[in-house]
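Subject: Structure handover

Hello,

Here is the structure I said I would pass on. My notes on it follow below the entry.

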Amino acid sequence: MQLCDKTDNPEIIVECLRILCNLGRNPQIQKLLILEGIIDKLLDYISSDIEEEILGYSIGLLINLSTNKQAYEEIKGEKLNKIIELLKKSDFENLELTKNIVKIFSNIYITSGNIQWTTIQRDEINQAITNIGSECDSCLDVANEEEKNILNDLHSVIKIFINFIAESTLQKEKGFLCPVKGCGRKFESKSEMESHFSRRHKN
Ligand SMILES: [Zn+2]
């Protein structure tokens, strides 16, 4: 990882990222990489004009890391915008990449059970993924065998994600009620409710 910082040579960066991608499947190593600040580095890569291979491996590593709860803590807030921008730009010229970007979001979602996004972020993600979904449907008829496989993959990732969004929106409307009798406070997220609970009701 330090080597990535020290060099501008794209071939070396690609090699480093390839190694990190392999190592990044291990949860212990994920933690270490996140602690070392790899997420910022990767977000820098994906939001700058870099070679396709570096982009591909950066996204690959983000996919692995996004299965780790700690990663979400790093990505949430402003930084999420960098991935959203990429999602908005993604198209069918690079199907595999598009699928992988969507996968980061569904991983974050599955891992954390909730993405603390702003309304704008949520709408942008929702819009972008819906667009990709409908484009995905219309491409299916003209796709070749290989493209079809990727499209089907993409389709199932999108489906998981859209279900999650629908579920969370519903849950948000319903709210999370404090379980203490007579308290009656309601919260948008489970974690907000839980922190209220330990603040107010735990001595
Ligand atoms: Zn309460």
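Predicted model: local features only at pLDDT ≥ 70, side-chain atom pairs only at ≥ 80, totals over all residues.

An α-helix has 3.6 residues a turn, so residues three or four places apart point the same way. Just after H3, Gly 37 has a positive phi of about 85°.

Overall layout

The chain contains 11 helices and 2 strands. In sequence order the pattern is α-α-α-α-α-α-α-α-α-α-β-β-α. The C-alpha trace spans about 60 × 45 × 25 Å along its principal axes. The chain has 203 residues, of which 29% count as buried. Taking contacts between residues at least 6 apart in sequence, 66% join residues at least 24 apart.

Helices H7 and H9

The axes of helix H7 (residues 80–89) and helix H9 (residues 119–140) come within 9 Å of each other and cross at roughly 25°. An angle under 35 degrees counts as roughly parallel, so H7 is roughly parallel to H9. The crossing of the two is left-handed. On the H7 side the contact is made by Leu 80, Ile 84, Leu 87 and Lys 88; on the H9 side, by Gln 121, Glu 124, Ile 125 and Ala 128. By type, the residues of this contact divide into 5 nonpolar, 1 polar and 2 charged.

Lys 103

Lys 103 lies in helix H8, residues 95–112. Is Lys 103 buried or exposed? Lys 103 is buried, because 21 other C-beta atoms lie within 10 Å and the cut-off for a buried residue is 20 or more. Beyond its neighbours within four places in sequence, Lys 103 is in contact with Ile 63 and Val 157. The C-alpha atoms of Lys 103 and Gly 182 are separated by 42 Å, and the two residues are 79 apart along the chain.

Regards

Conventions. Residues numbered from 1 in each chain as written. Helix = DSSP H or I, 4+ residues; strand = E, 2+ residues; numbered from the N terminus. Buried ≥ 20, exposed ≤ 12 C-beta atoms within 10 Å, placed from the backbone. Contact = placed C-beta atoms within 7 Å. Axes fitted to C-alpha atoms, helices over the stretch in contact; angles between N-to-C directions. Parallel < 35°, antiparallel > 145°, perpendicular 65-115°, else oblique. Left-handed = near helix turned anticlockwise from the far one by under 90°. Nonpolar A, V, L, I, M, F, W, Y, C, P; charged D, E, K, R; others polar.
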